[in-house]
Amino acid sequence: MVSESDQEKGVSFSRRTLLKVGATAVTGLVLAPVLLLSPSARAAAKASKASVGYQDKPLGARNDYGKLGHVQDCSNCASFIPGPLAKKNGTCKVVAGSISPRGWCVLYTPVAVSRKG
Ligand code: SF4
């Protein structure tokens with residue numbers, strides 16, 4: 001027998017799963033053209049900033065104290081390649097051009113992914 005709380009967990013899991021599948025699908029659609037290229041062409045071809053919604057500011061939410069809570073930005077993204085100094089622009093494995101450590105785009109992938117979901 002399934003309790004009401006189990007059903008709620010099931011609904012929550014399903015929504016979470018749908019969000020993960022949706023994010024993966026969007027990432028795949030953006031990267032598919034790049035992955036079809038030869039290795040040398042792939043190294044040179046990266047997504048444009050416009051195609052991935054790049055912005056020079058982080059994505060984050062303000063908490064009850066008016067401070068930024070969990071912030072998503074390039075400095076904590078797995079694809080970011082830091083510049084010579086921490087606050088200077090670097091590059092990105094998948095997006096073309098100079099990338100601010102405080103930037104963000106839809107391909108953001110946290111460096112440490114929680115397995116709790
Ligand atoms: S993939 Fe990551 S490092 Fe690259 S621009 Fe997007 S958020 Fe920044």
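Analyst: Happy to! By class, the shell around the ligand holds twelve nonpolar, two polar and no charged residues. Here Ala, Val, Leu, Ile, Met, Phe, Trp, Tyr, Cys and Pro count as nonpolar, Asp, Glu, Lys and Arg as charged, and the others, Gly among them, as polar.

User: Which residues come nearest to the ligand?

Analyst: Of the 14 residues around the ligand, Cys74, Cys77, Phe80, Cys92 and Cys105 come nearest. A residue is near a molecule if its C-beta atom, placed from the backbone, lies within 6 Å of it.

User: Before I go on, what kind of model is this?

Analyst: This is a predicted model, where local features need pLDDT of at least 70 and side-chain atom pairs count only at pLDDT 80 or more, while totals for chains, interfaces and linings use all residues. Residues are numbered from 1 along each chain as its sequence is written.

User: Thanks. How many helices and strands does the chain have?

Analyst: There are two helices and four strands, and along the sequence they follow the pattern α-α-β-β-β-β. Both kinds are DSSP runs numbered from the N terminus: helices are H or I with at least four residues, strands are E with at least two.

User: What share of the chain is buried?

Analyst: Buried residues make up 13% of the 117 residues. Buried means that 20 or more other C-beta atoms lie within 10 Å of the residue's own, exposed means 12 or fewer, and partly exposed is in between, with C-beta atoms placed from the backbone.

User: Which residues make up the largest nonpolar core?

Analyst: Twelve residues do: Val52, Tyr54, Cys74, Cys77, Phe80, Cys92, Val95, Ile99, Trp104, Cys105, Leu107 and Tyr108. Such a core is a set of buried Ala, Val, Leu, Ile, Met, Phe, Trp, Tyr and Cys residues joined through C-beta atoms within 7 Å.

User: And what does Ile99 touch?

Analyst: Leaving out residues up to four places away in sequence, Ile99 touches Cys74, Phe80, Asn89, Gly90, Thr91 and Cys92. Two residues are in contact if their C-beta atoms, placed from the backbone, lie within 7 Å.

User: New topic: is Gly103 buried or exposed, and why?

Analyst: Gly103 counts as buried because it has 24 C-beta neighbours inside 10 Å. Gly103 sits in the segment after S4. Its contacts, not counting residues up to four places away in sequence, are Tyr54, Gln55, Asp56, Asp73 and Cys74. Gly103 and Tyr54 are 49 residues apart in sequence, yet their C-alpha atoms are 7.1 Å apart in space.

User: What about Ser98, buried or exposed?

Analyst: Ser98 counts as exposed, because it has 12 C-beta neighbours inside 10 Å. Ser98 is placed in the segment after strand S4 (91-92).

User: Where is Asn76?

Analyst: Asn76 lies in the loop between strand S2 (68-72) and strand S3 (80-81). With 16 other C-beta atoms within 10 Å, Asn76 is partly exposed. Asn76 touches Pro110 and Val111, not counting residues up to four places away in sequence.

User: One more: where is His70 found?

Analyst: His70 is in strand S2, and His70 is exposed because it has 10 other C-beta atoms within 10 Å. The C-alpha atoms of His70 and Gly60, ten residues apart in sequence, are 5.9 Å apart in space.
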